[in-house]
Amino acid sequence: MQDMTEATARGLELCPAEPPFLRGRLRVYLKKTTGENPDVRLGGKWRPPNCTARHKVAIVIPFRDRETHLRVLLRHLHPILQRQQLDYGVYVVEQYGNGTFNKATLMNIAYVFALSEDDYSCFIFHDVDLLSEDDRNLYTCADQPKHLSVAVDTLKYRLPYEDIFGGVVALTADQFRRVNGFSNLYWGWGAEDDDMSRRVRMSGWKILRPPVSIARFRMIPHKKRRASAAKDRVYDHIVSNFTADGLNSLEYELVSVYKNRLLTHIVANLKLQEPRWTNVTDEHTVTRNKTMHRNRRKYGNP
Ligand code: UDP
Ligand code: MN
C-alpha cells in the first residue's frame with residue numbers, strides 16, 4: 001500500500017519496503033513515562049524526514065482515567081512508529097461527562113475526526129495499556145483487517161479464542177468504512193471487539209495475524225474492569241444490524257480538541273442514548289450472564 005503524501009511532493013524517494021532501523025525484540029518498561037521525542041509535531045504527528053512513508057496511519061486510543069497508562073504508552077510507542085518509518089498521527093479520544101463509557105463510539109468519532117484533518121489510509125485502534133514487545137510487528141494495514149496483539153502476556157501469550165479482534169487492530173480507512181465502523185450499542189460492555197470481528201467476517205474478510213513470535217504485547221497491570229462490569233450486565237447478547245448501527249448512526253458533539261507534541265486529544269459528548277432499561281439484574285441474571293460471558297469468550301458472538 002502506498003500513499004502519495006507531501007513527501008512525494010517534497011521529491012523524496014519512497015522509504016525502503018523493510019524499515020532499516022528496527023531493533024526486533026524490545027525491552028518493555030511498564031512504568032517509564034518520560035523519554036525523548038524530539039521531532040514530533042503538534043498533535044502527535046510525525047513523518048520520516050528523508051523518505052516518503054509508505055503508510056499514512058492514525059493511531060486511535062480510547063481513553064478514560066488512565067493517565068499513567070497513556071504516558072507510558074506514548075513514551076513507548078512514538079519511537080517504534082518512527083523506526084517503522086510511518087507518516088502518523090496519534091489521537092486520544094475521551095468521552096465528555098460521567099456517563100457509561102462507550103469505547104466503540106469514541107473510536108468511531110476519532111476515525112471521523114482524523115479523516116477530517118488528514119488523508120489517513122490506515123487506522124490502528126489501540127488499547128491504552130498495551131505495549132508492543134517487538135518493533136517488527138508493523139503498525140500498518142493490509143488487504144484484510146489485521147490483529148496485531150496476538151500474544152498478550154496477561155493471556156499467557158495465547159489467543160484466547162479464534163475470532164478475537166481486540167486490543168490492537170488495524171483496518172484501512174476503506175475497510176473501516178465498509179464495515180460501517182464499530183457498533184454504537186456497547187455501553188460499558190466490552191464486547192464491541194467481538195462485534196467488530198463479526199462485521200469483518202460478514203464482509204467476507206479473514207483476520208490476518210502476524211506470527212506469534214513477533215506479535216507480542218505486555219499489558220500494563222490494572223484492575224480487571226470487565227469482570228465487575230459483567231456482574232452488572234443486563235444483556236447476555238446484543239444483535240447489532242451492522243448496516244444500520246455504526247458510522248452511519250453516529251451522533252455526537254465535539255466538545256474540545258487539545259493538541260500538544262505527543263497527541264491530539266479529542267473530547268466528545270455522545271448524543272446517542274444508552275437504553276434506559278438497565279437495572280433489571282437479579283441473582284438469576286447475574287449467574288446466567290457469567291455463563292454466557294464464558295461461552296462468548298470461547299465461541300465468540302454467534
Ligand atoms: N478504557 C479506558 N478507561 C476505562 C475503561 C477502558 O481508557 O475506564 C479503554 C482503554 O484504552 C483500555 C481499553 O478501553 O485499554 C480496554 O479496557 P480494559 O483495559 O479495562 O479492558 P481489558 O481488555 O484489559 O479487559
Ligand atoms: Mn487492559
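Colleague: By class, which residues make up the shell around ligand 1?

Modeller: Ala, Val, Leu, Ile, Met, Phe, Trp, Tyr, Cys and Pro count as nonpolar, Asp, Glu, Lys and Arg as charged, and the others, Gly among them, as polar. Here the shell around ligand 1 has 7 charged, 5 nonpolar and 1 polar residues. This is a predicted model: local features need pLDDT of at least 70, side-chain atom pairs count only at pLDDT 80 or more, and totals for chains, interfaces and linings use all residues. Residues are numbered from 1 along each chain as its sequence is written, chains are lettered from A and ligands numbered from 1 in the order in which they are written, and side-chain values use heavy atoms, without hydrogens and water.

Colleague: Which residues come nearest to ligand 1?

Modeller: A residue is near a molecule if one of its heavy atoms lies within 4 Å of it. Of the 13 residues around ligand 1, Pro-62, Arg-64, Arg-66, Asp-129 and Arg-225 come nearest. Strand E2 (56–63) and helix H6 (225–231) each supply at least two residues of the shell. Both are DSSP runs, numbered from the N terminus: helices are H or I with at least four residues, strands E with at least two.

Colleague: What lies 2.8 Å from an oxygen atom of ligand 1?

Modeller: For a polar contact, look for a pair of N or O atoms within 3.5 Å. In this model, a side-chain N or O atom of Arg-66 is 2.8 Å from a ligand 1 oxygen. Val-128 has a backbone N or O atom 2.9 Å from an oxygen of ligand 1. For His-222, a polar side-chain atom lies 3.1 Å from a ligand 1 oxygen. The protein covers 88% of the 510 Å² of accessible area that ligand 1 has on its own, by the Shrake-Rupley method with a 1.4 Å probe.

Colleague: Which residues coordinate the manganese ion?

Modeller: Donors are N, O and S atoms within 2.8 Å of the metal (3.2 Å for Na, K and Ca); water is not among the atoms, so sites may look incomplete. Asp-129 (OD) and His-222 (NE2) coordinate the manganese ion, ligand 2, at 2.0 to 2.3 Å. The pair is 93 residues apart: Asp-129 sits in the loop between strands E4 (122–126) and E5 (130–132), His-222 in the loop between strand E9 (216–219) and H6.

Colleague: Is Asp-129 buried or exposed?

Modeller: Buried means under 20% relative accessible area, exposed over 50%, partly exposed in between (1.4 Å probe, protein chains only). Asp-129 is at 5%, so this residue counts as buried. His-222, at 31%, counts as partly exposed.

Note on methods. Polar contact = N/O pair within 3.5 Å; in protein donor to acceptor, adjacent residues only side chain to side chain.
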